[in-house]
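Trainee: Hi, I have a model open and would like to talk it through. Could you help me read it?

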Amino acid sequence: MASPKFTLPEFTGSLADLGTIIPFILIAVSVTGMKLGPILLAFGLFYVVSGLIYRLPVAVEPLKAVGAIAVSSSLTQGEIVGAGIFVGLFFLLLGVTGLIDKIAKVFPISLIRGVQLGLALVLLVKGGQYIMGDLYLGLLAVGLFVFARFVNRRHSNLNFPGALLVFIIGIAYGFYVYGVPPVQLSIPLDIYLPTAGDLVKGAYKAGIAQLPLTLTNAILATSLLASDLFREKVSNRRLSTTIGGACVVAPLLGGFPMCHGAGGMAAHYQFGARTGGADVMIGALFIALSFVATSPMLALVPAGVLGTLLFLAGWEMLRNAVRTDRMLVTAAAGVVMLLVDPTVGLGAGIAMFLLSKLFRPEGLPSPWYKQ
């Protein structure tokens, strides 16, 4: 694996997954009353650790199912802590014992690609919605990214920092609209010891629903995408273990439970990140901000910029999702995941896989499939 690099393209790529992270941080702060500083500190520490361990831009993301349920069911901080600890202990067990490798061997590639497709469609749709809600800035961001891609293809040694330029423009616009947000120096820790009730309710309300998404997207799909993009083997066992540790430790310190994510890795890659240096830099930025962070800071990044990041990350993931050996299985899982939710989408994919094995044992590869 390559040594971490701390270059401008790496830093530009490190910012690319903020379109996924910031909305969930907003959810945690506004819905549950969690403190922004500890959340940023937990993200920062996990990003730095991930960059040093994997030496690739392995993304750090919030547990999406937990975040979605926090909105729909108004989870308390204790229940989020309980859900995180439940998910963490589950994946620590799979990682430490090696059971995750046995699961990976029997899990069909078409289902993993289906999860990638579902996430790609979600990112494309959600990104499009953000762009339409902030149309002029969104179109400007898209135009700058297209221009940057054109320039970098014509002049490969230039590395025009399109994403960084968009962020500077976006934050400048945020300052213009909202003014300078307040800054408050504090120690970013909020120790929370859950009760037995928190653990049980958190596991039941959100933890169980999170398991299939973390298994497929955060572990199996991330490992597969690392092979696609970097020709590097990222161990399922190591991914399971680092996710487990983060989900157990972060909530106890006041952070939101976290995992890795194929969509985030695609975003980092799309905008220039190639080594773990990207993780270390965005992690250091989160850690520094955690000591002075206040909630109004979250409004500085406009929806048009977030939407563009989400949309282009979805496009990068879509390009890899179509490389499947059973397109009908992948399509069923991905479309149902978009229309319903990840768990139901995975169930639809499994059902279609069993049907495809019955009627066409050899599968039906897409034209872009690569072993």
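Trainee: What should I know about the model and the values before going on?

Mentor: This is a predicted model: local features need pLDDT of at least 70, side-chain atom pairs count only at pLDDT 80 or more, and totals for chains, interfaces and linings use all residues. Residues are numbered from 1 along each chain as its sequence is written, and side-chain values use heavy atoms, with hydrogens and water left out.

Trainee: Thanks. Where is Arg231 found?

Mentor: Arg231 lies in the loop between α10 and α11 (236-252). Helices (H or I, at least four residues) and strands (E, at least two) are DSSP runs, numbered from the N terminus. Phi of Arg231 is near 55°, a positive value in a residue other than glycine.

Trainee: And what is phi of Arg55?

Mentor: For Arg55, phi is near 60°, again positive in a residue other than glycine. Arg55 sits in the loop between α3 (36-54) and β1 (61-62), and is partly exposed, with a relative accessible area of 37%.

Trainee: New topic: how many helices and strands does the protein chain have?

Mentor: The protein chain has 16 helices and two strands. Of its 371 residues, 56% count as buried.

Trainee: Which residues touch the most other members of the largest nonpolar core?

Mentor: They are Ile25, Ile39, Phe43, Met258 and Phe286, in a core of 94 residues. Such a core is a set of buried Ala, Val, Leu, Ile, Met, Phe, Trp, Tyr and Cys residues joined through side-chain atoms within 4.5 Å. Helix α10 (residues 196-230) gives the most to this core, with 13 residues.

Trainee: What is Phe43 in contact with?

Mentor: Leaving aside neighbours within four places in sequence, Phe43 is in contact (heavy atoms within 4.5 Å) with Ile21, Ile25, Val60, Glu61, Pro62, Met258 and Phe286.

Trainee: Last one: is Leu189 buried or exposed, or in between?

Mentor: Leu189 is partly exposed, with a relative accessible area of 44%. Leu189 is in the loop between α9 (162-178) and α10.

Trainee: And how does the C-alpha trace span its principal axes?

Mentor: Along those axes, the C-alpha trace of the protein chain spans about 60 × 60 × 40 Å.

Methods
Buried means under 20% relative accessible area, exposed over 50%, partly exposed in between (1.4 Å probe, protein chains only).
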